[in-house]
Amino acid sequence: MLKLICSDVDGTLVPDGGHDLNPEYFDQIRRLKDAGILFAAVSGRSYSSLEKLFAPVLDDILFICDNGARTIYRGKLLDCYTIRRELAFKIIREIEALPGCTTYVSGLNCGYVDKDAEELYRWLTEGYQLEIEKLDRMPEDLPEKEGILGVELYHPTAAEEIAGQGLYQKWYGHKELQVVCSGKQWVNFSPINADKGIAVSEFQNQHGILPSETMAFGDNMNDAGMLLRAEYSYAIGNAREEIQKLCRFHADTNLNDGVLQVLRTVQSAAL
């Protein structure tokens, strides 16, 4: 019997940076909860964005935010991991030196971009609906006491390719970091314990939920750990090839509400 359904957000429920979710998702989430099945939004987004996207069911679902760095349920912080300030600064400076690249820093209280990153600022505030501050100097002007949940390399079309020219190789395997691609625009640098799969696993263990009682949906490499924690793993139709091969099942694309199509069948079977 299913007890937990986990889903990535960007590229899986909505297009990257989308802020309009089919309202039927909210009805399905409530019905699943009534049937004893908890829905979890597992995302690279910060909580400030997810709480807007899922406002009608805010107290009905589990939030695993910032690629697993922060877990929140009914407004209560369950887990939180941060990157050392000195380490984050090194990564940021290397990103800022790459041609065409800039940095998004996810903090405990706010998100941060360089004052000249106008295109990224608009996308984060208008698309993801994040709370963002512009800094005159990145990273020097990051608030001294701000906890850093993650550092993200942004490039409008080729983040993975550019990072693969040396930056990824330098930092991959670092004892304090997770480094993973989450779409053509993003490469994420997260605390070593901040991983979607680790966060899902910890919640499963704490609540006695087995992988055989778990379903998960994803599209990109930062979803891999989460998908491996679910016996019912689904790659949506627009998922990258590696995720298609990893998963046991396949759903339609995000544009065709592939996850919603599966949830309808789960809800019907549960009742």
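An open sheet of eight strands has the order S5-S4-S3-S2-S1-S12-S13-S14, and its pairing is mixed; two strands count as paired if DSSP finds at least two bridges between them. Strand S5 (76–80) and S14 stand at the edges with a single partner strand each, so one side of each is left without a neighbour in the sheet. Helices (H or I, at least four residues) and strands (E, at least two) are DSSP runs, numbered from the N terminus.

The model is predicted: local features need pLDDT of at least 70 and side-chain atom pairs count only at pLDDT 80 or more, while totals for chains, interfaces and linings use all residues. Residues are numbered from 1 along each chain as its sequence is written, and side-chain values use heavy atoms, with hydrogens and water left out.

Within the sheet, strand S2 (residues 38–42) pairs with strand S3 (residues 61–65) in the parallel sense over four bridges. Ala 41 stands opposite Phe 63 in S3. Helix H7 (residues 196–207) packs on this sheet and touches strand S1 (4–7), S2, S3, strand S4 (70–73), S5 and strand S12 (214–218); contact means heavy atoms within 4.5 Å. The direction of H7 makes about 165° with that of S1, where axes are lines fitted to C-alpha atoms, for helices over the stretch in contact, and angles run from 0 to 180 degrees between N-to-C directions.

Strand S6 (residues 102–107) is largely enclosed by the rest of the structure, because six of its six residues are buried. Buried means under 20% relative accessible area, exposed over 50%, and partly exposed in between (1.4 Å probe, protein chains only). Thr 102, Tyr 104 and Ser 106 point one way from S6, whereas Thr 103, Val 105 and Gly 107 point the other way, and all are buried.

S6 runs antiparallel to strand S9 (residues 148–154), to which six bridges join it; here Tyr 104 is opposite Glu 152 in S9. Two bridges also join S6 to strand S7 (residues 111–114), again in an antiparallel arrangement, with Ser 106 opposite Gly 111 in S7. S6 and S7 form a hairpin with three residues between them.

**Salt bridges**

A search of the whole structure finds 20 salt bridges, a salt bridge being a side-chain nitrogen of Lys or Arg within 4 Å of a carboxyl oxygen of Asp or Glu.

| Lys 115 | Asp 116 | 3.4 Å |

Arg 248 is exposed at 51% relative accessible area, and Glu 231 is partly exposed at 31%.

Elsewhere, a network of salt bridges links Asp 8, Lys 196 and Asp 223.
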